[in-house]
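Please report on the structure shown below. Take its strands, core, main features and backbone details in turn.

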Amino acid sequence: APTAKVSIYVPNGYTVSSAVPGTKLGTVTATASAADLGGAVLPLTGELDSIAPTATTAAQAQQCGVTPAQTWDLHLTAAGQTLDIPLFVVATAGPEASLGATKLVVCLPPPDVPVGTPGRATFGAKLLSATFDAAAITNPTASGDYRWTSLWTPYTPGKGVPNPAGSVESQSLRHLPVVLNSATARKKVTTHKTIRVHGKKKKVKVVVTAVGFASAVSENGKAPASAVYTTTARGKKLGAQKGAFVMAGIKTLKLTVTAVVDSDSGSVPTGQTATASDLFYHDLGASGCVASPLFQGLPCIDATIGGMRLTKTLTVRGF
């Protein structure tokens, strides 16, 4: 069933700042299947902007059942067409505040009603995925395990009417802070070798630096669900999480450690070639959900841990 409404609760501890209208907050990539184009999956790209409310967005907010503190806009383009989807920033109150002080709400037009129906989605487009970043949202300063939760309400297929009874909850965890710790240990190694100088053998001293390295990521003080490490220098891979090498005739060497964390379940499809900045995750399944009493028994169908890519540079000096 097409999605009618999504409410994403920003956990307590995060800061959602007031963005000046006209400010670009981030980028957006998305996919949608277009009924009017034979069901083709369209890649959409654009940006997330803070906008001043208009008569149109005010009417959309009222229809969505929210009173926004801010109005953001998913400004997308596809097949030569521009699509603007308002994202409402809403202050929570009452029992909702237990999930966070702020929620992000999107209400989507129905894609599967007859062509010509007022309010029908452009192209008959059914949203499949959307990935965006928002500079107005800041991570908590306190360590902890933060649970994002979201409520997804579908349409009754072919009717253009939301089906609240079909709603489901989904969650995502962030164990903060996420820290990459890396260290090196070096040792002076002195050996001798024999060379020929003007036909005569000569014994010379050779000094090299033996270097060992090790890295580890922690999430709120614990090991992550998954982590893949790569250690490189001068474009050459030296190893993974741990390893050793020898520096000879080199005064200084910069090591780059990269850790891809909680990204073993793949990335959300965006319709574009996958990049390191895509939304990767570790899937916990339904067993990772902690159903919110607020939703009165609606099923919590999946939970994930948000993936990250961390990089650290170390400088090693030779003897």
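## Ala 276

Is Ala 276 buried, partly exposed or exposed? Ala 276 counts as partly exposed because its relative accessibility is 47%. Here buried means under 20% relative accessible area, exposed means over 50%, and partly exposed lies in between (1.4 Å probe, protein chains only).

Ala 276 sits in the loop between β18 (252-261) and β19 (281-283). Its C-alpha atom is 24 Å from that of Asp 145, and the two residues are 131 apart along the chain. Helices (H or I, at least four residues) and strands (E, at least two) are DSSP runs, numbered from the N terminus.

## Basis of the model

This is a predicted model: local features need pLDDT of at least 70, side-chain atom pairs count only at pLDDT 80 or more, and totals for chains, interfaces and linings use all residues. Residues are numbered from 1 along each chain as its sequence is written, and side-chain values use heavy atoms, with hydrogens and water left out.

## The four-stranded sheet

Four strands form an open sheet in the order β16-β15-β18-β21, with antiparallel pairing. From one strand to the next, the twist averages 30 degrees. For such angles, axes are lines fitted to C-alpha atoms (for helices over the stretch in contact), and values run from 0 to 180 degrees between N-to-C directions.

Two strands pair if DSSP finds at least two bridges between them. β15 (227-233) and β16 are joined by three bridges, and Thr 231 stands opposite Gly 239 in β16. Six bridges join β15 to β18, where Thr 232 faces Thr 256. β18 and β21 pair over 10 bridges. Lys 254 has Thr 315 in β21 as its bridge partner.

## The largest nonpolar core

The largest nonpolar core holds 38 residues, and Trp 72 and Val 217 have the most contacts inside it. Such a core is a set of buried Ala, Val, Leu, Ile, Met, Phe, Trp, Tyr and Cys residues joined through side-chain atoms within 4.5 Å. Strands that each supply at least two residues include β4 (40-51), β5 (70-78) and β18. The largest share, five residues, comes from β3.

## The second largest pocket

How much space lies in the second largest pocket? About 800 Å³. A pocket is found on a 1 Å grid over the protein atoms alone: it is an open set of points where a 1.4 Å probe fits, with protein on both sides within 12 Å along at least five of seven lines, and lining residues have an atom within 4 Å of a point. Grid points are joined across faces, edges and corners, and the volume is the space filled by probe spheres set on the points.

The lining has 33 residues, and those closest to the centre are Cys 107, Leu 108, Pro 109, Pro 110 and Gly 119. β6 gives the most, six residues.

## Backbone details

Two residues other than glycine have positive phi. Arg 234 has a phi of about 55 degrees and lies in the loop between β15 and β16. Arg 234 counts as exposed because its relative accessible area is 65%. Phi of Asp 262 is near 55 degrees, in the loop between β18 and β19. Asp 262 counts as buried because its relative accessibility is 0%.

The peptide bond from Leu 176 to Pro 177 is cis, with omega near 0 degrees. Pro 177 lies in the loop between β12 (168-176) and β13.
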